[in-house]
Amino acid sequence: MAESDQETQTHVVAGQESVEIPAVLPVLPVRDVVVFPGVTVPLAVGREKSLAALEEASESGFLIVASQRDPATEDPEYDQLHPVGCVVRVIRIIDARGHGKQAIVVGVVRTRLSPPIADAPAMRMRLDVLEDVDPAPSDTDAVWKNVVALAHRVIDLHDDYPDDWKTFVSGIPGAGLLADVVASTLPLPPEEKALLLAETNPTLRLERVAAHLEREVTIAETQRALNRDSDSDDIEPGRRERLLRRRMRELEKELGDADPSIREAEELRERIDAANLPEAAREQAERELKRLAALPQLAPDRHLIRTYIEWMADLPWSEESEDKLDLPAAREILDADHHDLEKVKDRILEFLAVRKLAPDAKSPILCFVGPPGVGKTSLGRSIARTMGRTFARASLGGVRDEAEIRGHRRTYVGAMPGRIIQSLRRAGTRNPIFLLDEIDKLGGDFRGDPSSALLEVLDPEQNHAFSDHYIEIAFDLSRVLFIATANTLSTIPPALLDRMEVIELPGYTERDKLVIARRHLVPKQIEAHGLAPERIRVGDDALDKIVREYTREAGVRNLDRFIATLMRKAARRTAGKSEAPAIEIDAEFVADALGAPPHLPEAAERTEMPGVVVGLAHTSHGGDILFIEATVARAGDGVRLRLTGQLGEVMRESAEAALSWVRANAEKIGVAPAIFESCEIHLHVPAGAVPKDGPSAGVTLVTALVSALTGRKASGKIAMTGEISLRGRVLPVGGIKDKILAASRAGIDTVILPRRNEKDLVDVPDEVRSQIELQLVDTIEEVLEQALEDPD
């Protein structure tokens with residue numbers, strides 16, 4: 001050794017005993033162990049440097065034991081050790097037969113760790129003793145007595161602790177030694193024990209030990225109370241099981257070595273308890289939980305069972321949002337979010353009024369039917385905001401598998417619940433506003449018919465016990481307000497349609513579109529494109545030009561796109577210019593930004609020659625005008641009828657009925673009967689790539705035939721709709737409001753309608769009725785008189 005290493009120091013350790021310790025000592029890093037002065041501890045030594053330190057300590061009998069900050073560190077450096085260690089006397093070294101050595105040591109004195117003076121073969125550092133400060137006796141006595149009393153209480157609460165320990169604790173002579181001995185026996189983490197070792201004030205050390213003893217007393221008393229409760233003969237079996245499980249969790253928490261599979265099962269049990277499941281669901285979850293607990297940790301079915309239990313625990317079996325039933329406030333929200341749509345708003349307010357008077361009333365099943373872009377989906381969100389409910393949406397377009405609705409059975413790989421249960425889980429409540437979007441586009445194939453699965457969902461008499469194939473437990477859907485959306489009713493199965501209350505959302509008038517653009521679309525697009533509202537002005541002439549010349553739709557979707565295009569053009573002009581002038585968007589700006597208008601008035605131009613008549617059609621996109629063209633040519637013997645333009649079976653039959661009426665009434669309408677001896681009549685409906693069908697073009701077909709046969713032109717400002725009979729009667733048809741709105745958009749002045757459709761005119765906005773003359777007819781003769789020019 002170097003000369004400095006031979007220096008010794010004298011230290012008073014316990015009582016009047018003094019020992020001489022070398023000034024430089026080897027260091028023994030240890031994992032998860034803290035040695036206190038006056039305490040005897042066995043240490044397992046196996047690392048190379050640790051064995052070298054122990055070998056060196058065999059000469060002097062002393063070494064420094066230092067606790068590692070991270071037990072995973074194999075070869076700790078100086079800064080990876082806690083700052084205070086303990087000088088120990090090595091009492092005995094035992095060979096562990098190929099597994100290192102075991103040393104029995106007793107703590108002597110605290111020491112502050114200093115930078116090592118050597119690192120091989122063992123870490124060595126100079127001794128820097130930390131002596132306890134001398135506290136005032138008056139401060140120490142009360143704390144000392146409290147620690148002794150608490151230690152006695154802990155011994156009393158543990159039946160496996162001998163009573164002799166009380167005598168031992170009471171006989172410890174010093175406050176510091178008492179704190180060290182008790183601290184060494186407490187089940188504390190190494191970090192906390194290292195803090196106690198670093199404390200040199202015995203009184204403060206006793207106070208911290210007392211706090212830990214009080215915690216131990218509380219735990220022991222709780223466990224004893226649980227033991228009494230669980231051993232009682234009067235306790236219910238379910239409560240006994242919960243108490244025993246709680247006790248087991250407490251013990252595992254104290255031990256810190258609970259089995260992972262047990263922890264997993266207990267976590268799932270806590271989630272089940274918190275979910276407030278109905279009785280049948282709880283029993284099913286408990287059965288699956290027992291199966292999970294019985295499986296090995298690596299069993300392939302564990303994750304399947306766990307996923308199922310998580311679904312059971314996450315579903316909102318009892319979670320419910322409170323409805324807002326303030327009718328005036330609801331009306332304000334609906335009016336702020338949507339223009340017009342009075343029928344829908346009134347129906348929602350009626351539902352809120354009923355809910356206010358009868359809270360347990362069943363929710364209606366609504367179906368919003370209308371062309372694209374009229375606000376069906378956004379209206380569902382608005383209703384959810386009005387009622388204070390969460391909003392859930394499931395898109396049904398293109399769904400062909402019944403399992404998408406009812407879920408897959410758990411026997412299948414990758415099985416999951418259906419879209420109904422999945423959406424409810426995301427919503428988090430059992431009474432959301434649930435939007436079934438595009439219900440008219442459901443399909444069906446060999447995997448089943450989703451529309452049949454929806455029969456149970458949308459039936460108020462059945463949906464209180466909806467059964468998903470994955471969950472296998474009845475779930476109550478009666479509190480859900482289902483809203484379906486569709487573009488047409490023709491593709492919805494009758495049984496499904498019968499379960500829904502249909503509310504039609506017709507297309508918007510030009511005035512409606514201008515109001516919607518001004519109130520909603522323009523502010524939305526200005527914000528979306530990062531423009532300052534005060535730096536851009538959109539004129540009414542610009543919006544009017546877009547509505548009249550660039551969009552001919554029932555909704556406002558294309559209108560929104562064109563406004564977005566204008567905002568992009570405006571953003572390009574202002575981007576990067578701090579002093580850019582305000583932009584004025586007028587009709588000229590629109591023409592420059594959007595190019596040539598795709599829609600211009602063409603009815604008058606196309607009907608300049610005989611045989612062309614303007615008709616009205618009702619499609620899934622709303623109302624529209626169509627042109628029916630007829631030509632007559634001599635050919636062979638008799639009459640031949642040619643039909644083109646992708647006409648459906650019903651429309652073909654209407655054309656045959658129209659020709660039969662014209663032949664039967666030829667003389668009356670000014671057609672020479674001889675012409676039918678040898679001619680070919682060709683009826684064509686342009687837009688040949690678009691399929692067309694339905695009986696409502698009957699009057700248009702007759703008018704086109706008569707126009708072609710007589711040479712009398714039809715007015716380009718007149719459009720018509722109506723089914724015909726062989727007796728010349730004009731029969732009622734559907735979609736009257738949408739057809740009249742389409743005529744208004746196309747610049748038509750007069751619309752000829754069946755008289756029996758007069759009742760449908762109440763739905764036509766007053767502004768449209770003031771612009772268009774509506775002619776009600778009963779017979780084909782009246783139609784011809786109104787539509788064709790005078791023979792003279």
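This is a predicted model: local features need pLDDT of at least 70, side-chain atom pairs count only at pLDDT 80 or more; totals for chains, interfaces and linings use all residues.
**Entry 1**

Residues are numbered from 1 along each chain as its sequence is written, and side-chain values use heavy atoms, with hydrogens and water left out.

I then found Glu 286 in a salt bridge with Arg 269, at 2.9 Å from N to O. I took a salt bridge to be a side-chain nitrogen of Lys or Arg within 4 Å of a carboxyl oxygen of Asp or Glu. The pair links distant parts of the chain, with Arg 269 in helix H8 (residues 260-275) and Glu 286 in helix H9 (residues 279-294), 17 residues apart. Helices (H or I, at least four residues) and strands (E, at least two) are DSSP runs, numbered from the N terminus. Arg 269 also counts as buried, at 10% relative accessibility.

**Entry 2: Other salt bridges**

I recorded 53 salt bridges from a search of the whole structure. Within helix H9, Glu 288 and Arg 291 lie three residues apart, about one turn of the helix, and their side chains meet in a salt bridge of 3.2 Å, N to O. I found Glu 288 buried, with a relative accessible area of 6%, whereas Arg 291 is partly exposed at 43%.

I next looked up Lys 668, which forms a salt bridge with Glu 781, their closest N and O atoms being 3.7 Å apart. This pair links distant parts of the chain: Lys 668 is in the loop between helix H23 (649-664) and E22, Glu 781 is in helix H27 (residues 780-787), and 113 residues separate them. Lys 668 counts as exposed at 59% relative accessibility, and Glu 781 as partly exposed at 31%.

**Entry 3: Aromatic pairs**

I noted four aromatic pairs in a search of the whole structure. The ring centres of Phe 434 and Phe 482 are 5.4 Å apart and their planes are at 40°, so this pair is tilted; rings of Phe, Tyr and Trp (its six-membered ring) pair if their centres lie within 6.5 Å, and planes under 30 degrees apart count as stacked, over 60 as edge-to-face and the rest as tilted. I found both Phe 434 and Phe 482 buried.

Key: Buried means under 20% relative accessible area, exposed over 50%, partly exposed in between (1.4 Å probe, protein chains only).
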